[in-house]
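Morning, everyone. Please have the model open on your screens.

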Amino acid sequence: MALISTENTWVFIFGILGNIFSFLVFMAPIPTFYRIWKKKSTEGFQSLPYLVALFSAMLWIYYALLKSDAFLLITINSFGCLIEAFYIAFYITYAPKKARMSTLKLFLLLNFMGFSTILLLSHFLAKGSTRIQILRWICMTFSLSVFVAPLSIMRLVIRTKSVEFMPFNLSLFLTISAIAWLFYGIFLKDLYVAIPNILGFIFGFLQMVLYGIYRNKSKSVMVKGAQLPQQHSIDMTKLSTITSTSEAQPKTECQEQNVDQSGRIKESLGSNPIIACEV
């Protein structure tokens, strides 16, 4: 009798692939925080995506611990908790007082009180398979709502005919990660893991299709009257040039508006970090 069945082998393979590509997705916001560190300011970036990603990772770890046969869900979401906690702490360090207090309040409400409530209620009011079933629905519902987030980015791409704020690499990693976790859930016979990733795959694939359609467009992007930068990724050479220029010449109100607006747009995608493994 074989020690590892073919079915378990496929679970392991797709679980490892999901871990690899989800790791890349978790690391995607690093350029954002490098920019924050360089400027010693969070500018227009928001902390909500990282708080939500941390909450999602915590939920999936709890679910995987109760399920007992989903070790690869524990590994990647444990890393997710660590990296998201680092992002949040880094954000609080450089955020202005109002944003810092808002982040701390949301952390207490969502990540502490919210998770503690789910933990206590599921522990004392449900037992055995009923507890796991309740957690499945909570995790799946939360993940489905998270995967709707790319709709705003896709709508903006269509409206502006530009992919300057939708990096192809991130869309690719999200799509591959969703595929890996989809098959992981199928071979594990856990549809609550698989189903949300169907939506993740669809949205990721559509993002890449939009990228193929609009990647050669040179139309200037205007969002609420502010012009977006020519590149979504941070070109450190240009950034240093802009920084040195700004020291000699004060920024105009319009230029400051552009920086803030681009920051918000970039943050709305870089967080999506809802990560396919967190389904």
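Lysine 161 sits in the loop between helix H7 (150–160) and helix H8 (168–187). Helices here are DSSP runs of H or I with at least four residues, strands are runs of E with at least two, and both are numbered from the N terminus. Lysine 161 is not a glycine, yet its phi is positive, about 55 degrees. Most residues other than glycine have a negative phi. Is lysine 161 buried, exposed or partly exposed? Its relative accessible area is 36%, so it is partly exposed. The cut-offs: buried is under 20% relative accessible area, exposed is over 50%, and partly exposed is in between, with a 1.4 Å probe and protein chains only.

A word on sources. This is a predicted model, where local features need pLDDT of at least 70 and side-chain atom pairs count only at pLDDT 80 or more, while totals for chains, interfaces and linings use all residues. Residues are numbered from 1 along each chain as its sequence is written, and side-chain values use heavy atoms, with hydrogens and water left out.

Next, lysine 40. Its phi is near 55 degrees, a positive value in a residue other than glycine. Lysine 40 lies in the loop between H2 and H3. It counts as partly exposed, because its relative accessibility is 46%.

Threonine 42 is in the loop between helix H2 (30–39) and helix H3 (48–67). Threonine 42 counts as buried, because its relative accessibility is 1%. What does threonine 42 touch? Leaving out residues up to four places away in sequence, it touches Ile36, Tyr91, Tyr94, Ala95 and Pro96. Contact means heavy atoms within 4.5 Å. Tyrosine 94 is 52 residues from threonine 42 along the chain, and their C-alpha atoms are separated by 6.0 Å.

Now to helix H1 (residues 6–27), where we find asparagine 19. It has 14% relative accessibility, so it counts as buried. Its side chain reaches the backbone oxygen of glycine 15 at 2.7 Å. A polar atom of that side chain also lies 3.3 Å from the backbone nitrogen of isoleucine 76. Beyond four places in sequence, asparagine 19 touches Leu72, Thr75, Ile76 and Trp181.

On to helix H5. H5 has a kink of about 30 degrees, centred on phenylalanine 107. The bend at a residue is the angle between axes fitted to the seven residues ending there and the seven starting there. The buried residues of H5 are Thr103, Asn111, Gly114, Phe115, Ile118 and Ser122.

Rings next. The structure holds 21 aromatic pairs. Tyrosine 62 and phenylalanine 115 form an edge-to-face pair, with 6.2 Å centre to centre and 75 degrees between the planes. This pair links distant parts of the chain, with tyrosine 62 in helix H3 and phenylalanine 115 in helix H5, 53 residues apart. Rings of Phe, Tyr and Trp (its six-membered ring) pair if their centres lie within 6.5 Å; planes under 30 degrees apart are stacked, over 60 edge-to-face, the rest tilted. Phe33, Tyr50, Phe86, Tyr87, Phe90 and Tyr94 form one aromatic cluster.

Last, the whole protein. It has eleven helices and two strands. Of its 279 residues, 46% count as buried.

Conventions. Polar contact = N/O pair within 3.5 Å; in protein donor to acceptor, adjacent residues only side chain to side chain.
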